[in-house]
Amino acid sequence: LSESGVPQLVQPMIWDYAADLDVESKVLLVEKYRRCGFSKVWFASAFKGATGVNQSLTLVGHHLQNHLQWLKVASSTPTDVLQGIALTGWQRYDHFSVLCELFPVAIPSLAVCLQALENGGYSETVKENVEKLLGMPNLEIDTFMR
């Protein structure tokens, strides 16, 4: 790869939507890309649409945990290697599937994930900020929003 010149033309994106993504394997993957000549990498997470083909509601806690894991990966890699993180919000599992998790039901998840990334983690203060921003009296993380 390094001899091909590709690392000077593109930046790889590492995708993983799991709540329990393997931090160590992602750090090793970043190191492997660096050894191949890639100076920058991207991470890709999901704030909705990645937990089931017929999912209609967003489980905020799953996506929050995914972002917290990505923060661990970011803190375990050289500071100059991470170009950014793309927060994906899939509308369907594949082109033949029905729509899943429409955007309005996922807004709390998007807000929580963005705030967790902005603040370097999740805390009661972050939760309160999201509740205030969204005008919600009680943000539910571990159950589906009502």
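This is a conversation about a predicted model of one protein chain.

Colleague: What kind of model is this, and how are its residues numbered?

Modeller: The model is predicted: local features need pLDDT of at least 70, side-chain atom pairs count only at pLDDT 80 or more, and totals for chains, interfaces and linings use all residues. Residues are numbered from 1 along each chain as its sequence is written, and side-chain values use heavy atoms, with hydrogens and water left out.

Colleague: What makes up the protein chain, from the N terminus on?

Modeller: The order is β-α-β-α-β-α-α, with four helices and three strands. Helices (H or I, at least four residues) and strands (E, at least two) are DSSP runs, numbered from the N terminus.

Colleague: Which residues of H1 are called buried, and which exposed?

Modeller: Buried means under 20% relative accessible area and exposed over 50%, with partly exposed in between (1.4 Å probe, protein chains only). Val23, Lys26, Val27 and Val30 are buried in H1. Seen down the helix axis, the buried residues of H1 fall within an arc of 100 degrees (taken from the directions from the axis to the C-beta atoms), so they line one face. Glu24 and Arg35, on the other side of H1, are exposed.

Colleague: What do the buried residues of H1 pack against?

Modeller: Their partners are strand E1 (13-15), strand E2 (41-48) and helix H2 (60-75).

Definitions and conventions: Contact means heavy atoms within 4.5 Å.
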